[in-house]
Amino acid sequence: MGARPGEADEASALWQALAHRRFWFWPIIAALLIALPGALPMVARSRQAGFLVTGGLAGLAAIAIQGLAIGVQGWSWPVLERSFGDLGDRQFGVGLGGVVAVLGFLFLATDGWQ
Amino acid sequence: MKGYVRGDRFVAGVIGLLVACIVVFTAWPVGTVLAQMLAPREGLTLAASFGVRILDGKVWGLACVTSSAQCGVFWNTLLLATATATAATILGLCFALLVTRTQMPGRRAMRLLTVLPIITPPFVIGLGLILIFGRSGVVNQAVEALFGLQLGRWIYGFNGVFLAQVFSFTPTAFLVLIGVVEGLSPTLEEASLTLRASPMRSFRTVTLPLMLPGLANAFLVVFVESLADFGNPIVLGGSFGVLSTEIFFAVVGAQQDFGRAAALALLMLVLALGAFLIQRLVVGTRSYVSMTGKGDAGLRQPLPRPVARLAYGIAVPWAILTIAVYGMALAGGFVKVWGRDWTFTLDHFRRAFALEWTRDGALIFAGGAWHSLGTTVQLAATAAPITAALGLLAAWVLSRQQFNGRAALEFALMLTFAVPGTVIGVAYILTYNVPPLEITGTAFVLIACFVFRNLPVGLRSGMAAMSQLDRSLDEAALTLRASTFRALRTVVLPLLRPAIVTALVYAFVRAMTTVSAVIFLVSAEYEMATVFIINRVINGDYGLAIAYCAVLIALMTAAIGLIQLVVGERQLGRRGAAAEIRGARA
């Protein structure tokens, strides 16, 4: 966790999406919501696996698409830059938060798969 | 348990993690290399682009058959790898037979040979050979002084690279073969002698055939090492090009042709996988088992006299030469200019590792090598625990869990061992230089490279240790309702301590000395020790390069010493002759 949890580069994905208009985090949050019923006791066990696998794979796909769309120098595709404006330089690869998110979605998917 | 992975969520998670790692860090980069090779060149069709890259005279040319010109790099690489593997396997066998089957003095010292390839940076041998046989080398100077002959530059080219590789990889072949020779049950030879076969016939018809898998393995390992070797060809190759150096020059030279590098990398991969295939065909499905677990009370037979003489005649001069090469390689760091000014100096060490104090008492790392040494130690120390953890987890999953696709996962994990370092380097730079994972130039890509290049070390170390642990131990924990993770953490891991330490230290040491893959991945911020050294060699600054190698060797020796201290040596019990005689008298 960063020293300034409200700042754009250190906040949670939800806060970045809400307060800093980083809308590309919404698909990741949506994937978590898809997986959520997989953890609820009232959902039948046979259906829990489906939610977990779908949510996990959707999250991994969302992160991969986000990685393709946003490179080190901002948007990778001109159409996105024209639509949403210049993003400026970004970090290399994925940060610690990204790694944790990837592992989280991976374990959601495998938990459903077991 | 039922289900796809037949395990609990921890098992499923570990399998998912391993599969994801293989996909992202092995399959994807190798696939990118293949795709890049097929990418069309400007103004050319797909087929023409592919043809230009792969059907190049510089790759396939056979001019050396009819003239004094060089052959293509494919043939050079194949010739070099075959010659090196043959010579190193023969030498390795001679050393293994002498150490295990004779009373030769200095046998324990010979065993030290096994650690040499691990602790030696890849170009130490090349430098040692230059200092002996190069234009200013001691042999050339002596011949010129005594006979007025000029030997010239004969060491640069096939001769030099072949010699350097045989020096470098004979210990590897020895390491493979000593285990095989020690493991042969003496009872079979005893049976042969009892049936009145001569010692020579027993050796030829019983011992040698039983060593066939070991010989094939040693040949294969050295063949692949020779293919992937970059340090010796870059130092001694001269105009003799091989695939690894050609790939390097395609990427970093004026060509900047990644497609060509990818095509050459594919050729190298085909050669490596072809060698694996041939090895499988040679060894086949025949059984070579000589240790069954039943009582094995045979005595090792002494070597037949002609075999012993031959082994002595080959191995002893080679051992002396090896000591001379290492001695010269290290001595070069302590003289001003080798071949011209033999004055003793510590200047090279000072230039590399000088420490200065400012007026305020602050310490400054003034030597030019500190930055790369610090980065290398830091990255290797970061990669080592990850390599060990992933390798041991993979070993645990493969040896203890039954799940669909287990054989495929094992094959994919071992594939990283078969892919030469140069191919991995090119593959990583092509894959991670563009979205979605832009990590070229960062520490992360170097750590990923170390982890996935060295993963088989942790895997094999873990598999070997795991095979000695009875399944009933973890089954007992599971019966007492412990989760799989708890059984692993509290029962299996404490018993695997030696394997953990071995995997950790070997992963660290190998990360410190690797060059072929990382040479493509370093940046100004993350410069590695081996790349720093090779740049000094290319600039002709041998003194500093040798001084740095000496420091690395000292560091590596300390790490290996730590293993020996913590883990100890493998002991394979066999009766000694003295014990047998005492028993007979009683």
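Predicted model: local features only at pLDDT ≥ 70, side-chain atom pairs only at ≥ 80, totals over all residues.
## A walk along chain B

The phi angle of R196(B) is near 70°, a positive value in a residue that is not glycine. Is R196(B) buried or exposed? Its relative accessibility is 78%, and because anything over 50% counts as exposed, R196(B) is exposed.

Next, select residues 199–210 and 212–228 of chain B, which are helices α12 and α13. Their axes are 4 Å apart and meet at an angle of about 50°, so α12(B) and α13(B) are oblique to each other. Which residues make the contact? Show the side chains of L208(B), P209(B) and L210(B) from α12(B), together with L212(B), P213(B) and L215(B) from α13(B). Sorted by class, this contact has six nonpolar residues, with no polar and no charged ones.

Now move along to P436(B), in the loop between α21 (421–431) and α22 (443–466) of chain B. Zoom in on the peptide bond that joins P435(B) to P436(B): this bond is cis, with omega about 15°.

For the last stop, select R481(B), in the loop between α23 (471–479) and α24 (484–495) of chain B. What is the phi of R481(B)? It is positive, about 70°, although R481(B) is not a glycine. With a relative accessibility of 77%, R481(B) counts as exposed.

How values were computed: Residues numbered from 1 in each chain as written. Chains lettered and ligands numbered in written order. Heavy atoms only, no water. Axes fitted to C-alpha atoms, helices over the stretch in contact; angles between N-to-C directions. Helix = DSSP H or I, 4+ residues; strand = E, 2+ residues; numbered from the N terminus. Parallel < 35°, antiparallel > 145°, perpendicular 65-115°, else oblique. Contact = heavy atoms within 4.5 Å. Nonpolar A, V, L, I, M, F, W, Y, C, P; charged D, E, K, R; others polar. Buried < 20%, exposed > 50% of the residue type's maximum accessible area, 1.4 Å probe, protein only.
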